[in-house]
Amino acid sequence: MNPPTALVVDDSEFMRKFHSCHLESLGFQTQEVENGEEAVRLHEQGKRFDVILMDYEMPEMNGAQATSRIREMGVQSVILGVSGIDDETVRANFVQSGLTEFFSKPLRRDMIIPYSRFA
């Protein structure tokens with residue numbers, strides 16, 4: 001059986017590494033990109049992931065825009081939105097873009113466990 005796959009989308013290299021470390025400790029194979037545009041491009045090229053961790057605030061294309069575009073392609077992956085933004089309107093917009101769940105940063109390992117095949 002192949003390990004589950006995860007895409008980590010965040011403009012902060014530290015947060016990408018931090019989230020990837022949590023996912024890898026749960027058995028995920030991870031890939032990282034710096035913004036929503038790169039995440040959309042990967043999906044346009046046919047790449048698929050079991051879980052996507054999507055930051056909200058990023059250059060090029062924010063997390064809500066990227067999530068909407070990915071969902072428009074029919075992608076059924078679990079998309080977990082993560083953000084340090086406390087604005088309820090921004091958060092609601094992000095959730096409505098097609099997220100499976102929203103979490104405030106930093107994402108902890110125990111928050112990811114329910115979305116792991118190894119839980």
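Leaving aside neighbours within four places in sequence, Tyr115 is in contact (heavy atoms within 4.5 Å) with Phe28, Val51, Val78, Leu80, Thr100, Glu101 and Phe103. Tyr115 is found in the segment after α5; helices (H or I, at least four residues) and strands (E, at least two) are DSSP runs, numbered from the N terminus. The model is predicted: local features need pLDDT of at least 70, side-chain atom pairs count only at pLDDT 80 or more, and totals for chains, interfaces and linings use all residues. Residues are numbered from 1 along each chain as its sequence is written, and side-chain values use heavy atoms, with hydrogens and water left out.

- Tyr115 is partly exposed, with a relative accessible area of 23%; buried means under 20% relative accessible area, exposed over 50%, and partly exposed in between (1.4 Å probe, protein chains only).
- Between Tyr115 and Leu80 there are 35 residues of separation in sequence, and their C-alpha atoms are 9.4 Å apart in space.

**Helix α1**

- Helix α1 covers residues 13-25, and its 13 residues should span 18 Å at 1.5 Å a residue; its end C-alpha atoms are 18 Å apart, which agrees.
- The expected span used here is 1.5 Å times one less than the number of residues in the helix.
- Met15, Arg16, His19, Ser20, His22 and Leu23 are the buried residues in α1.
- Seen down the axis of α1, these buried residues fall within an arc of 160°, so they line one face of the helix; the arc is that of the directions from the helix axis to the C-beta atoms.
- An α-helix has 3.6 residues a turn, so residues three or four places apart point the same way.
- The exposed residues Glu13 and Phe14 are carried on the face of α1 turned away from its buried side.
- The packing partners of the buried residues of α1 are β1 (5-9), β2 (29-33), β3 (51-55), β4 (78-83) and α5 (109-112).
- Just after α1, Gly27 has a positive phi of about 95°.
- Leu26 is found in the loop between α1 and β2, and at 9% relative accessibility Leu26 counts as buried.
- Leu26 and Ala6 are 20 residues apart in sequence, and their C-alpha atoms are 11 Å apart in space.

**Helix α2**

- In helix α2 (residues 36-44), Gly36, Ala39, Val40, Leu42 and His43 are buried.
- Viewed down the axis of α2, its buried residues fall within an arc of 155°, so they line one face of the helix.
- The cover over the buried residues of α2 includes β1, β2, β3 and α3 (63-72).
- Asn35 caps the N-terminal end of α2, with a side-chain oxygen 3.0 Å from the backbone nitrogen of Glu37.
- Just after α2, Gly46 takes a positive phi of about 95°.

- Asp10 lies in the loop between β1 and α1 and is buried, with a relative accessible area of 0%.
- The side chain of Asp10 makes a polar contact with the side chain of Lys105 (3.0 Å).
- A polar contact is a pair of N or O atoms within 3.5 Å; within protein, one must be able to donate a hydrogen and the other to accept it, and residues adjacent in sequence count only if both atoms are side-chain atoms.
- Apart from neighbours within four places in sequence, Asp10 is in contact with Met15, Arg16, Val33, Glu34, Asp55, Met58 and Lys105.
- The peptide bond from Lys105 to Pro106 is cis, with omega near -5°, and Pro106 is found in the loop between β5 (101-104) and α5.

- Glu60, in the loop between β3 and α3, has a phi near 75°, a positive value in a residue other than glycine.
- At 59% relative accessibility, Glu60 counts as exposed.
- Thr67 is placed in helix α3 and counts as buried at 0% relative accessibility.
- Not counting residues up to four places away in sequence, Thr67 touches Met54, Ile79, Phe94, Ser97, Gly98 and Leu99.
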